[in-house]
Amino acid sequence: MFIFTGIHTMTYSTQTAWQSKADIKKLQEEKLRETLAYLQQHSPFYRELFAAHHINIDAIKSLADLQQVPATTKEDLQQHNDDFLCVPKNKIIEYTSTSGTLGSPVTIALTENDLQRLAFNEYSSFLCADGKPEDIYQLMLTLDRQFMAGMAYYAGIRKMGAGIIRVGPGVPSLQWQTIQRICPTAIVAVPSFILKLIQYAKEHHIDINNSSVKKAICIGENIRNTNFSFNILGKKITEAWNIQLYSTYASTEMQTAFTECGAGKGGHHNPELLLVELLNEKNEAVGTGEAGEVTITTLGVEAMPLLRYKTGDICMYADDACSCGRNTLRLSPVLGRKKQMIKYKGTTLYPPALFDVLNEMEEVLDYVAEVYSNDIGMDEVLLHILPADNQEETDRRIRAYLQARLRVSPHVKYITAAEIQRLQLPEGGRKPLKFIDKRG
């Protein structure tokens, strides 16, 4: 447990998730009332929103009462970015930004208190993923370019007291040299890059199951189906490498992560840091096992708190007891992003489902999916594929499999490894791209 003071005075404990659901609810409602009062006093955006909709914050006493408040969207953040700021600029320690996947990037400012909260979030997350002070984590991701996640992982691991190796993204040869030299026990990486590590090890006769690495914190891509079984990507990794995989879900705006425990049954909610709702198209709460848009309210954020912010991510949730003993809601893998839904020849597709199909094919070494609008405004899908070889039979199998699994035939363009690299890691990019949306 630790305490920090400032505009918010918060006490955080890693034991909160084990409290009864009633006690967790009581704690969250206390923090909600504090957050509403803080927004009323300090947030130009929310002060105007409360006034425009005649919202009396004193009447919002429970989580259910939140329904009275209109949701905040990514467009609100993009158009009124500075109006979300609740502190003078001389209190801001760090400026981060969103990746801009669903539009232009948004700046998210953090105070010293926010950085401490972020460190606690990742400290809790690494503990949830069976982290220990004696672990050594190899970070296979960027720690620059205003990328909050890399900074957060670093701060959380430091708080846990474990070792850190900042190698950065890409370059399998360097990653393996570092593993063999320093012997990390865990890696933090994008799952598709872990496949590249496996491929490099095979080509260079490295016995991966004799390496020091025993677990991987997987970021940015799904490794599980909605029933929490491994998807094709998860299976390919675990069939080749006997390591424990832990899935994560987070966003810059929420400044909080959902991380799996060893049971692998969904990302655990950190109840002290976030309220979470899953909403349907009518902004009504969905039940367990139903898909809804992840909508969050940050707790304890000082510089840029958010109230009922719609992330654009579609998930499901489970709230039954977890074998780890935590009594918190658990999120499924992301089914898709609301604005990334593709309507192609009468079929609705989300990129993760498309990725699963491409990951299943041995004939496909790597890929980038692109969607654009045709002359009459309809969605078109172009798959940039790095094939295992350039034989006509390989092309036939790829096209036939896509037709069979998707029931539609996307356009296919075969490209080289260098071209894939340029598409996935454009200049100024912070994480590998698998999906490019050129619509509108």
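Glu122, Ser125, Phe126, Tyr153, Ile217, Thr248, Ala250, Ala257 and Thr259 line the largest cavity. Helix H4 (112-128), strand S9 (244-251) and strand S10 (256-259) are the elements that each give two or more residues to this lining, and H4 gives the most, with three. Helices (H or I, at least four residues) and strands (E, at least two) are DSSP runs, numbered from the N terminus. A cavity here is a set of points, on a 1 Å grid over the protein atoms alone, where a 1.4 Å probe fits but cannot get out, and lining residues have an atom within 4 Å of a point.

This is a predicted model, in which local features need pLDDT of at least 70 and side-chain atom pairs count only at pLDDT 80 or more, while totals for chains, interfaces and linings use all residues. Residues are numbered from 1 along each chain as its sequence is written, and side-chain values use heavy atoms, with hydrogens and water left out.

Now let us move on to the sheet. Four strands form an open sheet in the order S22-S21-S20-S23, with mixed pairing; two strands pair if DSSP finds at least two bridges between them. Strand S22 (411-414) and strand S23 (435-437) are the edges, each pairing on one side only. Strand S20 (residues 364-373) pairs with S23 in the parallel sense over three bridges, and alanine 369 stands opposite phenylalanine 435 in S23.

Helix H10 (residues 392-406) packs on the sheet, touching S20, strand S21 (379-387) and S22, where contact means heavy atoms within 4.5 Å.

Methods
On a 1 Å grid over the protein atoms alone, a cavity is a set of points where a 1.4 Å probe fits but cannot get out, and a pocket is an open set with protein on both sides within 12 Å along at least five of seven lines; lining residues have an atom within 4 Å of a point. Axes are lines fitted to C-alpha atoms, for helices over the stretch in contact, and angles run from 0 to 180 degrees between N-to-C directions.
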